[in-house]
Amino acid sequence: MAANGEFFVVSERYSPILSGQTRYSAFSVTNVLHERMAQHCPSGFEIVRQWSVPVEHDFLLHYGFTCLTIKPQ
């Protein structure tokens, strides 16, 4: 289990236009990354930083996040 305040990063490639290198659009990649963060932090998470860097004709989206230890109600 992740400690409260511990910093993690998830990343995924996406394309703002159709691309043969990835199946994710700028919209759908956010869903994929939110699913990964929720799996990693079942008690919730806080996105601390978001950034994209170019990769060939696509981009790599990163979310830096921390897990919360708040118990669900």
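In the predicted model, Cys67 is classed as buried, with a relative accessibility of 4%. Cys41 is buried as well, at a relative accessible area of 3%. Both values fall in the buried class because the cut-off for that class is under 20% relative accessible area.

These two cysteines form a disulfide, in which the sulfur atoms are 1.8 Å apart. A search of the whole structure returned one disulfide. A disulfide is a covalent bond between the sulfur atoms of two cysteines. The link of Cys41 and Cys67 is left-handed, with a value of -50° about the S-S bond. Cys41 is located in the loop between α1 (26–40) and β2 (45–55), while Cys67 belongs to strand β3 (residues 58–67), so the pair ties together parts that are 26 residues apart in sequence.

Strand β3 is also paired with β2: the two strands run antiparallel and are joined by 10 bridges. Within this pairing, Arg49 has Gly64 of β3 as its bridge partner. The strands β2 and β3 form a hairpin with two residues between them. In the turn, Glu56 has a positive phi of about 55°.

Phe7 is part of strand β1, which spans residues 7–14. The relative accessibility of Phe7 is 45%, so this residue counts as partly exposed.

Terms used
Residues are numbered from 1 along each chain as its sequence is written. This is a predicted model: local features need pLDDT of at least 70, side-chain atom pairs count only at pLDDT 80 or more; totals for chains, interfaces and linings use all residues. Side-chain values use heavy atoms; hydrogens and water are left out. Helices (H or I, at least four residues) and strands (E, at least two) are DSSP runs, numbered from the N terminus. Buried means under 20% relative accessible area, exposed over 50%, partly exposed in between (1.4 Å probe, protein chains only). A disulfide is a pair of cysteine sulfur atoms within 2.5 Å. Two strands pair if DSSP finds at least two bridges between them.
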